Amino acid sequence: MARRDWLRLALPVLLGAGLGLLAGLPMAEPWLGATVVLALLLIVHSWRLMRMVGWLRTDTPERAPEPGGVWGDAVAMVVRLYRDRRQQRSRLLRLLRELRRSTAAMPDGVVLLNPNAEILWFNRTAGRLLGLRGRRDVGQRVENLVRHPEFADYLRAGTRAGPLPLLIARMERRLSIQIVPYGAGQLLMLVRDVTRQARLEEVRKEFVANASHELRSPLTVICGYLETLVADESLPPDLAEALQQMREQARRMNLIVSDLLELSELESSDAEVQGAEIDVGALISQLVCDADARPGRHAELTTSVESGARLLGDHGHIRSAFRNLVDNALRYTPPDGKIALRWWVDQDGGWFSVADTGTGIAAEHIPRLTERFFRVDAGRSRAAGGSGLGLAIVKHVLQRHGARLRIESAEGRGSVFTCGFPLRRLR
Ligand code: ADP
């Protein structure tokens, strides 16, 4: 308390006591006089205090009492605090309203979830896309309302799911759902309608599949004629040379068309393939035999089959993926290099790797390797007979088996391509 306030409190008490003493003197009772005056002062203070408490209880700053003195100051301070708080609250409310209005107007759906995945709030778009309704659905667990097995898995993965959006079909729409953790375990769920993009993507895939299919028959005829013509020894040498080149290019076109058709087939569904048990050891031996049967010298191949575990998958697709990896290793490794094929199993799953001592790949190209027609050195890939689709096929085959492709490489020293299969795929 400031000195001034002490004075304002003490002065009336001292003055009152003095006056009481004086008033009591004529009656020879100075102490009685002082006591009466002090009691009166106490009654006045108590009355002012009661008024203030009564006012505080009503919560109406505009009807503040005006008791004067120190009590008046106390009332003024309470009124000031009250006004500040009210101003702050209305500022916050205004901000909150603005935020809600802007998120409600967002073209993307937003759902706020608590750590138990119960809905705290959602905007209009989310309500429309997911079929959520106002008060009825707030407080409900989101997977009880968005019933989708993949969504339940994605939600369970929660924070680990990372930024990868999940695509689901719902109410004749294709939705992209992304869960972003924030605050203390809360989750922000972003929902986008990607029906249009998904349709365009389907049209594109259909077009590529149809075009490849249409090209196949004429190409087979051309290749057939060229094979026959090249075998004709009576042709003049310059024509034979031209025909030889035509046959090589026709073969390349055939290879591209077959790869495109294989990719189209792999892309026709997102569902994981079941397939049958594959003897990986036998498959590796077959790959080595195929490589050795190729014309020309190539890098030495070694194998290491460290597990008898069988792989559950589509034999044709898995063979194609593994063969693409071996073909690449042969293509990008000089004949005096080494290529090692390995199959092993650990507590994380089954692993097939192809390691080579070839050209290697610069780090900046690695993330793009599985894109269609991406080549680090287009001329070299073409010259070596690559279609530019091999690793895209590998990626899709692995996706359809719940597996992943890991690429490690050092430019000039070689590369290791590893396919990682989950334990559920092993027998
Ligand atoms: P391509 O038919 O051109 O080999 P892929 O999709 O199989 O197409 O591979 C894409 C590119 O990745 C290749 O063009 C090549 O540049 C690079 N690549 C793939 N495998 C290897 C490897 N084992 N060593 C070096 N580069 C590789």
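This is a predicted model: local features need pLDDT of at least 70, side-chain atom pairs count only at pLDDT 80 or more; totals for chains, interfaces and linings use all residues.
**Legends: the ligand and its surroundings**

View 1. A distance of 3.1 Å separates an oxygen atom of the ligand from an N or O atom in the side chain of Arg 331. The backbone takes part as well: a polar backbone atom of Leu 391 is 2.8 Å from an oxygen atom of the ligand. The protein buries 98% of the 520 Å² that the ligand exposes when taken alone (accessible areas by the Shrake-Rupley method with a 1.4 Å probe). A polar contact is a pair of N or O atoms within 3.5 Å.

**View 2. The shell around the ligand.** The ligand is surrounded by 21 residues, and the closest include Asp 356, Ser 381 and Gly 388 (a residue is near a molecule if one of its heavy atoms lies within 4 Å of it). By type, the shell consists of 9 nonpolar, 9 polar and 3 charged residues; Asp, Glu, Lys and Arg count as charged, and Gly is among the polar residues.

**View 3. Elements that supply the shell.** Helix 11 (315-331) provides at least two residues of the shell, as do helix 13 (390-400) and strand 12 (414-421). The largest share, 3 residues, comes from helix 11.

**Notes.** Residues are numbered from 1 along each chain as its sequence is written. Local features need pLDDT of at least 70 and side-chain atom pairs pLDDT 80 or more, while totals for chains, interfaces and linings use all residues, and side-chain values use heavy atoms, without hydrogens and water.

Definitions and conventions: A polar contact is a pair of N or O atoms within 3.5 Å; within protein, one must be able to donate a hydrogen and the other to accept it, and residues adjacent in sequence count only if both atoms are side-chain atoms. Helices (H or I, at least four residues) and strands (E, at least two) are DSSP runs, numbered from the N terminus.
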